[in-house]
Amino acid sequence: MLKKNAFRLVAPYEPTGDQPKAIAKLLDGLYAGQKHQTLLGATGTGKTFTMANIVQEFQKPTLVLAHNKTLAAQLCSEFQQFFPDNAVSYFVSYYDYYQPEAYIPHTDTYIEKDASINEEIEKFRHAATMNLLTRRDVLIVASVSCIYGLGNVEDYEALAITVQRGEQIKRDAFLRRLTDIQYRRSHMEFKQGMVHVLGDTVEVFPPGGDTVIRMEMPFDEVETIQEVDSFTGELLQDLNEVMIFPAAHNVTSQEKITGACEGMMKELDEREKELLDHGEQTKAERLRMRTEYDMEMLKETGYCTGIENYVRYFHNHGVPGQPPSTLLDYFPKDFLLFVDESHISIPQVGGMYEGNRSRKNNLVEYGFRLPSAHDNRPLMFEEFEERAPRRVYVSATPGKYEYVHTPKEYITEQIIRPTGLLDPTVLVKPTEGQVQDILREVDEAISRKERVLVTTLTKKMAEKFTDYLKEEDYKVRYLHSDVETLERIEVLRQLRTGDIDIIVGINLLREGLDLPEVSFIAILDADKQGFLRSRDALIQTIGRSSRNINGHVTLYADMMTDAMHAAIEETNRRRSVQEAYNTKHGITPKSIEKAVRDIAEEHRRVELRRPRHDHTKIPKDEKKRLMDELEYQMELAAQNLEFERAADIRDEIELLRREL
């Protein structure tokens, strides 16, 4: 049963500047049923706050699509602040490392799928889907991962187990049902997706949270249902009813497994005959061996490695070419979609399908997978469009798609900053002596306790420049695509707190990153016109310093390109509009001040509002004792190589230390 909670925006300020006009215009378009709208919002004008106001007024489940994990984490943290009493979730790829299954014909190399799953992000993903199926006040910030197969929503919801207090239920039958939906019995550890049994007491650790459901079941009757602290065992609340969702998204019933295996066997026979008719004996034998092994695993355990490759038989009723079930299918039909930094996000969504298909072609052709494996894919762009009834594109530099699909009257401009901050001044300097000039700017910024971004064109150049700055005793880090998701967020947090003064990167420092401490940006090779030095890319990069009153940018170049000229011209236009607004309203510009937060801490703070983490009820002496106990548990976990558990305990200790 869906909860009818309403979105309630909490903010210490009201919409100002051109925010009220933008909010009203976008809402008018939504109520009129307009499918495409564009918010052309300059950096620092409060686009996230505008979106939050629309969410509160429109009161529909909302998806915010971001083009990378770092931006998604930042947006999620901001929305959690705006909607502290609502379900704000984070949904990105849960792989820290991912090597897809592939076959390289010219070297006869088969690469088995290999992946390292981040359990913290997996928890966020489960929380997102559980929220969507149990309440309406849900806002999810997601990366392009939302268009990849997730597991059939109908099976996921149908296989959830609802338990009521006073219900007659056999304990062993209940445990079998939990096993069927991928829960594992705990032995040495107890974490998400596990079940622990002691006599008549059954404890279930749902995959989407940090609390445990404890049920007393004497004489095959559910006597009590309690939510308890997963670490201390402290009682949080008594429940009359609980819904336990599957421990994995790819779950299905035994009936479907039987039907799926029949379909797989039929396709296997057909494909094997086709290969043998062409004299491909080796490929045929390989395919039969692999497929029959997978079918045996499915029949015995309900799961097999690579189960997603049989999506046709589990979720698509055996019909070829059907799209997979994705996060979008978990949303109700009336949901609202914001596409943040749409000039990047839209092309990214459009490019996923073909890249995936080309890799699968070799696997199918050489007998590693059945042809139905092609149905394990991201959505085609047209399928994505069909699933998003209302879209608001948000960008400082909208792309061709946005302009083509959005009627002119539904393009809303928001370029006035409530803080009065002007767009940064932009200078063009020659490349000769650029390093010394950057060092001078860095020293001035550090003296004002401000930060610096340096953007390069190549990874090698960025690494060399980072090494040089380290040799000069600067606190500097290099941000790149190989850095793990949560570590990337931590690097940006360290920049904001002053643990780092400089970040050197390529294109990860452009769209959407909110870094008000940054006052200087150096753009190297600005005259090498291309994707990273186009008009839009330069405007986006320049915008990273528009949240600081001392913001300024230097383009190091030996010639003026058309892209540079256009970017500087647009920046100056926006600057003049802001100056006129400041003069009219008597506004004195001031730098944005924003608390430093991260997605994991915000998730824990939401949990802190629950009684189990209300440390204010614990006497001071007891807090110190608890910290000592937690430190012992952390050391023990580390010795047992349970590093994720140790990290969780470390965070708990840090929260207690702050309160003390």
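## Helix 2 and its end

Helix 2 is followed by Q59, whose phi is positive, near 55°. Helices here are DSSP runs of H or I with at least four residues, numbered from the N terminus. The model is a predicted one, in which local features need pLDDT of at least 70, side-chain atom pairs count only at pLDDT 80 or more, and totals for chains, interfaces and linings use all residues. Residues are numbered from 1 along each chain as its sequence is written, and side-chain values use heavy atoms, with hydrogens and water left out.

Helix 2 covers residues 47-58, and its end C-alpha atoms are 16 Å apart, which agrees with the 16 Å that its 12 residues should span at 1.5 Å a residue. The expected span is 1.5 Å times one less than the number of residues.

## L133 in helix 4

L133 belongs to helix 4, which comprises residues 119-134. L133 counts as buried because its relative accessibility is 11%. Between L133 and F245 the C-alpha to C-alpha distance is 9.9 Å, although the two are 112 residues apart in sequence.

## Cysteines

With a disulfide defined as a pair of cysteine sulfur atoms within 2.5 Å, the count comes to 0 disulfides. C261 is in no disulfide, and the nearest cysteine sulfur, that of C304, is 8.6 Å away. C261 is buried, with a relative accessible area of 4%. C304 likewise counts as buried, at 2% relative accessibility.

Key. Helix = DSSP H or I, 4+ residues; strand = E, 2+ residues; numbered from the N terminus. Buried < 20%, exposed > 50% of the residue type's maximum accessible area, 1.4 Å probe, protein only.
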